[in-house]
Amino acid sequence: MNAKHADRLAELRAKFDRPPSWKDDPKEDKERQTIRERQPRFRGLEAGHRACQGCGEALAARLVTEAAGPDVILTNATGCLEVFTTPWPQSAWRVPWMHSLFENSAAIASGVEAAMKAQGKSTKVIAMGGDGGTFDIGFQALSGMLERDHDVLYVCYDNEAYMNTGIQRSGSTPHAAMTTTSPPGKERMGKRHLKKDLLSIIAAHHIPYAASASVAYPRDVTRKVRRALSIEGPTFLLIHCPCPLGWGHDGARTIEVARLAVQTGLFPLVELERGAITGVMPIRDQKPITDYLGLQNRFRHLFAKNDHRAEEEREHLQAIADYNIAIYGLAADGDDPLDSEGADTVHRCAIVP
Amino acid sequence: MVTLTRGTYALSGTSLAFKTGTWRVERPVHKHWAAPCHAACPAGEDAQAWIAKVQEKKLQQAWEILVSANPMPAVTGRVCPHPCEQGCNRGSYDQPIAIHNLERFLGDEAIRNNWAYPVPKKAKASAPTVAIVGAGPTGISAAYHCIRLGLKPTIFEALPEAGGLLRSAIPMTRLPRDVLDAELERIFALGIEFKPRHRLGRDINLEELRQDYDAVYLGPGCQRSKEWSVAGAVPGDLADGLHLLKEWVDHGGVPNTKKVVIHGGGNTAMDIARVLKRHGAEEVHLVTASGLPGPDTAPDDILNVVPRELEEGVEEGVIMHPHANLKRLLMRGSKLVGVEMVSLKKLPTASGRKARVSFEGTERVLDADIVIPCIGEAVDPEGMERVLGGSNYFRPDDWGRLSGQDNLLAGGDARGDRGTVSAAVGDGRKAAIALAAKLIDGVEPEGAPRQPIDIASLNLNYFQKGTRAKAPTLPVEERTDHAEIEGSLEWSQVSAEGERCFSCGNCLACDNCWTYCPDNAVLKTADVAVDGSHYVFDYDFCKGCGLCATECPCGYIEMIGEPE
Amino acid sequence: MRQALEGSQAIAQAVSRCRPGVVAAYPITPQTHIVENISKLVADGDLKTELVSVESEFSAASVVLGSACAGSRSYTASSSQGIMLMSEVLYNISGLRVPVVLTCANRAVGAPLSIWNDHQDSMAVRDSGWIQLYCVDNQEAVDTTIQAFRISEETEIPVMVCMDGFILTHTLEVVDIPDQALVDKYLPPFAFKRILDPKQPISIGTLVAPDFFAEVRHSQHQAMLKSEKAIIEADRDWKKLTRRGYGGLLSEKGPKDAKVGVMTLGSIGGTLAEALDTQPPRRKTKLINLRCFRPLPVAAIQKACEGLTDLIVAERAISPGLGGIVGNEIRAALAGMKKAPKVHNVAVGLGGRDVPLETLNDLVDWAKTAPDTSFSVFDAKLDKLPKEDR
Amino acid sequence: MIEIRIHGRGGQGNVVAAYLLATAAFEAGLYCQAFPAFGAERRGAPVVAFVRIGKQKILRRNEVKEPAFLIIQDPTLLHEKGLTTGLMKGGGILVNTKLTSGDISAAHGEEMIALPATGMAVEAVGRPVPNVALLSAFLSLTGIVPHTALRKALSGRFKGEVLDKNLNLVEMAAKAVDKGLWKEVAHAASA
């Protein structure tokens, strides 16, 4: 680089109006900050974001970034996560993060990854989207990203409807669930169609690793994130995260609802490598789907008295749960520390910061 | 702040400027409940608290917490009927934690490693003095807690050695005497003045004690057998169970009998039954008005025997007759040849209170050559006639304070409503607390016990079913008068058993609140969490969703309304 | 080096000289040869770049947005329907103020399906916040491509280089491909610093509330207006190095005292220039070639129109229900002028219709009688239509 | 400026022919322009390409409507109506055909120069691609660009054995027509 170029670079850099870090702001509460900063985990998603109370997606995103650590770049489809984390001029992210559009998270991630390759950098790239941005409008970009073998982990936060726009059905909405565009009525019992089997479609790309996870099993989530990031090539993680607003349950019951989705067999937790099933979380005690449905307003019409359709749809959903268990071999063969009962077992943890 | 207009980007973590705590209408707070094991322990031990240290593998700290209530874990771990285990929430889930085994393990470890008893408050030279009558469990406990609280205790004991019933009546098969000696020696070494062979009413008198000492604590136990007869009849060779047990403990002598009927359902009854069985009695019948533990028996109707002792007794061939009473003695002259039994049960009466009702037509006869009453004892009033009045027992308040008697307290078996070593230990502790409060600080003792937490308040999703640790026991054919029947747990068993604890009502430090908070509003810290938990809520950001409270496995987080 | 090259091949060479870190594109006629030639350069090892062969134009634009934000010089190319499919991302790239260069091989937009040249595609995204530069010939396309990277990176505004599909992309002619050393001297390394960097993490693409959105748009507009300077300087500096310049924002040809002006964009300027030389109209006429359409260089346009009585704007796009797009913008641009010329507006050469040399005279003749509010599709043969549709 | 129109069928190398001719002109120090009549035609369909060669920079970009010369790569195209429309007065038509010049001229009622270009290409290169032979013959007829320039243009596109064979084909075709036959026409056109 000649001297003229050096000057020019300096001039361009000076235009970059980066202010001092918030850490240097004397108005900050030093005491609290110290504890916050001393947390023995990486805080990829900081407090102060505007998610609803008990938001499953916020939790999932927090877990994903914690597991990924600082040397990562995130891309984010339009949706709740994007809106509640980055109302200008604030951001809750502590890792480089970028949002462009609803349907292009996988594509901008492809570009970021290409740039990392071009610059010889090893920073990992994680593309994120909700189920709308993944199952539906962003699917083409996702499929292209997987096919082109980009070294990107795509994480889909699956809350089973378009929540950002006010709870409209998506390809991921489960059968019979009520949304504002699949309301129950004289002629309908909620969504007529089935939840799209996205994971099988992803698996058909024969990528090295694809898995489903649930916020009810955080250690499983972080393990799968780390596993995916340890692999070179495209990987995919589908994380089930309840939406208290859209599903109609108390924010305090987010985990309970998520756990029941797994324990009933309605949301199987599986791992696929090159399209083949290589791991499942076995279900130790299968719960009846009514335990799960009964907690959520979106299935309220399935408990209508004197409506034969309600029972029929309940039986239908039970049959789907049973089918999942049979197809994925989820029935536990004896107790397993990593099954649906064991995977969330707590212990006294002596790690103190 | 510089505006980031070009491309409207934002800087890392700047959302901290936005305090989402203003969204909250309810806030989570830590609420430390009493674990049911704690609430059930007459000695006042917080088993949850010391098991937490076992989980951390900090055994000495666990023991120190334990002995902050009970100085004799090696003893109580062996002899206590462990109501803590009956209270344990784990019992409604799979099996209760083997708390007594853990307690015993810690007690034994302390002896083996000679861990020092912590003394938080050393007595000054001018410290108030306390005379303690009786070196049984309650007297020893009172003296020990006096030491801990800065008082100067002196124990007066009629016998040459300390220990009370522990030494005189508990079978060596349950409590090896070297364990008792080791534990007591270490306690007395803390500076307790001990005056053996000082019998109240003979060698010392109460009034002088009350003059010489700032306070007196009476823990004389129950040394006098109660009157016993069946429908007015008494065999000529009658001896009560406690007497026989003491003789056997003292020099190994037992009556030579073939068919024995034991009347009563406590530990003394079971102990003597097993001694006689081992010494060759063909049949030993235990007749008790109470029921056996089981789903059909009301909790207040279960016979008061350490469960494992009952189990071992039955193993050894003691024949149980629950829900039965003696109606008549069959005598040939003054010599017993049999007893007539009748079935009964505790049933509600017209007044609503329960009373035992015999069922006519259920009478049957047992051949017997001896009947041994084990219906309990009363306080020997010698030297305490004036304070005891005409009663069998003392009736002090919960702190042991006798009404109308300044600085005179009583507790232990002499209360008549206790009946276990642990209760005696608890009485001694409370008396010491009351005395220290009054004599040192001139205040009333503080005692606002925490409410116990029930299993419905726990989140059991986070636990797995498991099997309770089982200590080795001697096979029936190897049991003798001396060898201890129940053995110790291995460390691996202790560790696994500790892991099973639900940590009811107290922080398990499991990280659930920290892990599940979608808002990063739970911060992990041991330094700042003054409430003993490992976490603080950052109310600047907590939105009050309540997820942490729902998912706390231990019921330790409560949502309370924000002030209006 | 001077070579006889197909336009697309020349563009591939020019892009290669700019050392892009990432190239992403999806093939579409008539842009295809650009992508093919870049692919060949990559395959032969002559161009070290991450070539991302995406599954749609939408992803092509998204990929270059991502890669530029991640700190790599990025390039894409498209046309027609591809530009339309990209349009959402185009707004995003400019709104985020990210430097990217795009070649638009101009083509009509369907329906009806047409693969042939006009400017409807780039005109459709004229409000997307991109700088738009139109090229007369392949040499200009090559030079403008190189200038575009410099302009874009200096202004943090993306640049669309518009070259007529087929007419330039598929035409072999003599071009000078500048040496690598010369381009390196002219174009500094990619210096965009508002990037995704784990060492200094920032969040790009935030939600902006009503209290600030207006200010953001204002600042974007101001940046566009100021970019005129960067465009002029880039062309001037390039001319210093190569002796080739294109007048910066626009160029004029013809007598200074002309009364009639004919304004065009793109390759049609070449045909009319030859016509001006070989068959000059009777009225003194000059040509105004509008190189820079966004930002619309109002001052330069007014200056070029001084002394004219009539200005004919002949453009290759249409806004049905309004008429011309460029023409109406020019009318607005001249509104503040003392003695503004009458503006006559036509569309010519839509959907690949050949624009012959005679067009110049035909236009000048037509303007004599046309009212200034007129608009017509000048070369439409109305007798091909049923009466009711004429 | 000389304008040339080349007719062929999709897949015959029509655009390549135009590019080669223009490239040869460039190699000879002239300005040039070559472009196809842009279409969506597939293999086998009639296609057209244009070449302009001049001493000055070529500005116009409209289609060639009045060419000085036509090069017709496939004689069957002559049956298409209006194929020779717009040919400048006195302009030349070079046709790839097995017939003689006389026979083909007679058949279509217009004067044409015949060249068995496909046969020559098969003989020299082994593939039935007539364009190089036609270009070589065209240069012989007009003399607007020396054959050395065509050789240079070819060496930019081919390598090794294929190039050698094509150079042989150039030699072969150059001799097959009357050298300089259209020289005057060309001169007049470029004036």
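Residues are numbered from 1 along each chain as its sequence is written, while chains are lettered from A and ligands numbered from 1 in the order in which they are written. Since the model is predicted, local features need pLDDT of at least 70 and side-chain atom pairs count only at pLDDT 80 or more, but totals for chains, interfaces and linings use all residues.

**View 1. Chain C, with its 12 helices and 16 strands.** Helices (H or I, at least four residues) and strands (E, at least two) are DSSP runs, numbered from the N terminus. The radius of gyration, taken over C-alpha atoms, is 21 Å for chain C, close to the 21 Å from the globule rule (2.2 Å times the number of residues to the power 0.38) for 390 residues, so chain C is as compact as a globular protein of that length. Its C-alpha trace spans about 65 × 55 × 45 Å along the principal axes. Of the 390 residues in chain C, 61% are buried, meaning that 20 or more other C-beta atoms, placed from the backbone, lie within 10 Å of a residue's own.

**View 2. Helix H12 of chain B, residues 267-278.** Take 1.5 Å times one less than the number of residues, and this 12-residue helix should span 16 Å; its end C-alpha atoms are 16 Å apart, which agrees. With 11 of its 12 residues buried, H12(B) is largely enclosed by the rest of the structure. Among those buried are Met270(B), Ile272(B) and Leu276(B). Look for their packing partners in chain B, including helix H11 (241-251), strand E8 (259-263) and helix H13 (307-316). After H12(B) comes Gly280(B), with a positive phi near 105 degrees.

**View 3. Where chain C touches chain A.** Here 42 residues of chain C are in contact (C-beta atoms, placed from the backbone, within 7 Å) with 45 residues of chain A. On the chain C side, H3(C) gives the most, with nine residues. By class, that side has 23 nonpolar residues (Ala, Val, Leu, Ile, Met, Phe, Trp, Tyr, Cys and Pro), six charged (Asp, Glu, Lys and Arg) and 13 polar (the others, Gly among them). Strand E2 (residues 97-99) of chain A runs parallel to E9(C), and two bridges join them. Zoom in and you'll find Trp97(A) opposite Ser203(C).

**View 4. Chains that don't touch chain D.** Chain A and chain D make no contact, and their nearest C-alpha atoms are 28 Å apart. No contact joins chain B and chain D either; their closest C-alpha atoms lie 41 Å apart.

Note on methods: Contact = placed C-beta atoms within 7 Å. Pairing = 2+ DSSP bridges.
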